Amino acid sequence: MRILRNARVAPEPGGTGEWRTVDLLLAGGRIQAMERGLRVSGCPAEETDLEGRVTAPGLVDGHVHFTGATWDEGYTSKTPEILLSHFLRAGITTAVGLLGMGYGCEDLKALAYKVLALRDEGLGAYMHTGNFRFPAPSILGSPGEDVVFLPYVLGCKVALTDRFSSHPSLEEFCRLSSEVYVAGLQSGKPGLMHLHVAEYGDPFAFLEEAHRRSGVPLDRSLPTHCNTNADLLEQARGYALRGGNVDLSTILEPDRGCLVSVKASKAVEQLVAGGVAPERITLSSDGNVGLPRRDAKGTYLGLYLERTDSLLENLQALLRGGFPPETAFALTGTNPAKRLGLYPRKGALRVGADADLAVFGENWELERVYLAGEPALEEGRPCRFSYFERDLRDDGKGEGSCSR
């Protein structure tokens, strides 16, 4: 049992609009009480005074390559598996793993194994079945069966407009989205189609026509990488105004080597200024991939490993730029949790929600993270780790050996 005193809590979207300073009682992995001057008798509790620091739901990252991803530069361009501390440094307490384009080296069963490992380590870990290609691969024989029978599978990934995709026809996509939708109805999940869109064409016209033909609700599709370039972002704005949801990738920005992309925090501001309701927008990192490094002239210099930190950095950019905190936190908490069918246990700070918290200090620096009510990052440094993290350090003297 743990009590966090004097936590400054932002209002939830659609709430009273008032900030509160409360004490939080954390027990059994959940928030058991939120009130001022909380008193608990009969049970010992460890207390921490947060001294008015802003406390928010842990970040929910809907797009991470848990087992690594392959770039288009051959065998050595595949990135390694992600470790628990990489999430914690970004304030992420819930994440969804998925596959990329790699043939043979990116496997759904290996991904499922990694999901279960991260869960053992304390992270709220889930996954999507499928990958870039069509027909969509699965673990149990079909994407629908994966969604129905595997509790950690929430939906299916497919690539639409991209040179690496298999370019499914409208009829093929309608059949798959209907299968996943029905599987979601059976299992109480969103049955989400998580869709890689990029580079060319109009994926949003394709999705709207699929909605008309199949009857599957438009909000069961989530196109991601919508900030790949300015034209795609403008198409995404129209799609959101017509009732669709859009996801922005925080790794995409000119300073990170994606020279024609729009930085996610700037894309949020543009979409909102263009009339898009913030509840239509989510941010995800697309973390643990290799990205090209280029100089100021655009000359290619090689690949580097892009972690999940960009999600936190873009949230901080919005907060430091004066974006309303309750709206900014929704982009990385409430909204993705709702898309994934995890709200209000995830992405909310209320009684009954999971005690996954992020605590911010001066200038929105991340100071603390709690997983299921237990400290996971303190004073900006992780205090929980995956197994073998110390063995991956060059000097063999890592910060920790395991998460438990």
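Visitor: How far does helix H5 reach from its first C-alpha to its last?
Guide: This is a predicted model. Helix H5 spans residues 203–214, which makes 12 residues. At 1.5 Å a residue, 16 Å is expected. The model comes close to that, with a reach of 16 Å.

Visitor: Which residues of H5 are buried, and why do they lie on the same side?
Guide: Residues three or four places apart on an α-helix point the same way, because a turn takes 3.6 residues. In H5, the buried ones are Pro203, Phe204, Leu207, Glu208 and Ala210. They share one side of H5 because they cover an arc of only 155 degrees around the axis.

Visitor: Which exposed residues sit on the face of H5 turned away from its buried side?
Guide: Buried here means under 20% relative accessible area, exposed over 50%. On the face turned away from the buried side, the exposed residues are Arg212 and Arg213.

Visitor: What do the buried residues of H5 pack against?
Guide: Two of the partners are strands, S10 (192–196) and S11 (221–224). The buried residues also pack against helices, namely H4 (170–187) and H6 (230–241).

Visitor: Which backbone nitrogen does a side-chain oxygen of Asp202 reach at the start of H5?
Guide: The oxygen comes to within 3.2 Å of that nitrogen. The nitrogen belongs to Phe204.

Visitor: Which residues are closest to the centre of the largest pocket?
Guide: The largest pocket has a volume of about 640 Å³. It is lined by 32 residues. Closest to its centre are Trp71, Asp162, His196, Leu252 and Leu291.

Visitor: Which strand gives the largest share of that lining?
Guide: The share is five residues. They come from the strand at residues 289–294, S14.

Definitions and conventions: Residues numbered from 1 in each chain as written. Predicted model: local features only at pLDDT ≥ 70, side-chain atom pairs only at ≥ 80, totals over all residues. Heavy atoms only, no water. Helix = DSSP H or I, 4+ residues; strand = E, 2+ residues; numbered from the N terminus. Expected span 1.5 Å × (residues − 1). Buried < 20%, exposed > 50% of the residue type's maximum accessible area, 1.4 Å probe, protein only. Arc of directions from axis to C-beta. Contact = heavy atoms within 4.5 Å. Polar contact = N/O pair within 3.5 Å; in protein donor to acceptor, adjacent residues only side chain to side chain. 1 Å grid on protein atoms, 1.4 Å probe; cavity = no way out; pocket = protein on both sides within 12 Å on 5 of 7 lines; lining within 4 Å. Points joined across faces, edges and corners; volume = space filled by probe spheres on them.
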